[in-house]
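Hi,

Here is the structure I promised to pass on to you. Have a look at it first, and then read on for my notes.

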Amino acid sequence: MTVRRGLYTLAGFLLLIGFVVLGLSVDERPPPVDVALADAFRGQHTEPAGQVAGLVTNVLGPVLPFVLGAVLVVLAWRRRNLTVLCVKLAVVLLLCRMTSLIAKPVFYRERPREFPDLSYPSGHVVAVACTGFVAVLLCAWTRPHLARLAIIIIAAAATVAGALCRIVLGVHWLTDTAGSVLAVGGVGLIAAAGLGLLPLPKDPA
């Protein structure tokens, strides 16, 4: 158990290193893939595709961690045997969500088009990814294996959809969204392992 926990922690640190390296490498000049996608979707924020993306990103965004936080509060209140678990999950959720708030001033990257706030990492994608990460942990500790698999698929799909919407809207580079996933994965693994949420109940020792 201790060995596997150490592996999760190591994986988390590696993801965080990847997040920092990526942020530093794209801080001053966006790579070709960023430029190509930004050019492909330039001006789409005023078109029907951008309007749809705007509606989707209103749901797949900062509101999600608050919704999950409320769920954890209700769950802890109604099922007292899950109170400790819910508190731990709330801590992981908070730490993961803070990654964009802390990191943006560090990298100070500009957006693909004129838009308030900084660019790296995407706060919207961080919000979706951290909600999905904690939802997977919650499911793994309270639901059967098939439910865990289903929520993993849903969380991954929601994160990809949220990232795509931000790119279509022209408010984030592709690497902003990739960095968001790296940051959440890194902080999430380290925090979850430190709080005893990893390894998962079904994981081998």
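This is a predicted model: local features need pLDDT of at least 70, side-chain atom pairs count only at pLDDT 80 or more; totals for chains, interfaces and linings use all residues.

Let me start with what the record says. In an unreviewed UniProt entry, residues 85-192 carry the annotation "domain: Phosphatidic acid phosphatase type 2/haloperoxidase". Residues 7-26 come out as 100% helix and 0% strand, with 29 Å between the end C-alpha atoms. Residues 82-103 are 95% helix and 0% strand, and here the end C-alpha atoms are 32 Å apart.

Next, the helix packing. Helix H4 (residues 63-78) packs against helix H5 (residues 83-107) at an angle of about 165°, and their axes are 9 Å apart. An angle over 145 degrees counts as roughly antiparallel, so that is how H4 and H5 run relative to each other. Their crossing is left-handed. If you want to find this contact on screen, look on the H4 side for Pro-65, Leu-68, Gly-69, Leu-72, Leu-75 and Ala-76, which meet Thr-83, Cys-86, Leu-89, Ala-90, Leu-93 and Arg-97 of H5.

A second pair is H6 (residues 123-142) with H8, packed at an angle of about 35° with axes 9 Å apart. The crossing of H6 and H8 is right-handed. From H6, the residues taking part are Val-125, Val-126, Ala-129, Cys-130, Phe-133 and Leu-137, and they meet Thr-177, Ser-180, Val-181, Val-184, Gly-188, Leu-189 and Ala-192 in H8.

Thr-177 sits in helix H8, which spans residues 174-194, and is buried, with 6% relative accessibility. Leaving out residues up to four places away in sequence, Thr-177 touches Val-125, Ala-163 and Ile-167.

A disulfide would need two cysteine sulfur atoms within 2.5 Å. For Cys-86, the closest cysteine sulfur is that of Cys-139, and at 13 Å the two are too far apart for a bond. Cys-139 is likewise in no disulfide, its nearest cysteine sulfur being that of Cys-86. Are Cys-86 and Cys-139 buried or exposed? Cys-86 is buried at 2% relative accessibility, and Cys-139 is buried at 9%.

Finally, some backbone details. The loop between H5 and H6 holds Tyr-108, Asp-117 and Pro-121. Tyr-108 is not a glycine, yet has a positive phi of about 50°; with 58% relative accessibility, Tyr-108 is exposed. Asp-117, also not a glycine, has a positive phi of about 75° and is exposed, with a relative accessible area of 52%. Pro-121 is joined to Tyr-120 by a cis peptide bond, with omega at about -5°. Another cis peptide bond links Leu-198 and Pro-199, where omega is about 5°. Pro-199 is in the segment after H8.

Happy to go through any of this with you.

Best wishes

Methods
Residues are numbered from 1 along each chain as its sequence is written. Side-chain values use heavy atoms; hydrogens and water are left out. UniProt positions are given in the numbering used here, feature names are shortened, and annotations may be inferred rather than shown by experiment. Buried means under 20% relative accessible area, exposed over 50%, partly exposed in between (1.4 Å probe, protein chains only). Helices (H or I, at least four residues) and strands (E, at least two) are DSSP runs, numbered from the N terminus. Contact means heavy atoms within 4.5 Å. Axes are lines fitted to C-alpha atoms, for helices over the stretch in contact, and angles run from 0 to 180 degrees between N-to-C directions. Angles under 35 degrees count as roughly parallel, over 145 as roughly antiparallel, 65 to 115 as roughly perpendicular and the rest as oblique. A crossing is left-handed if the near helix is turned anticlockwise from the far one by less than a right angle, and right-handed if clockwise.
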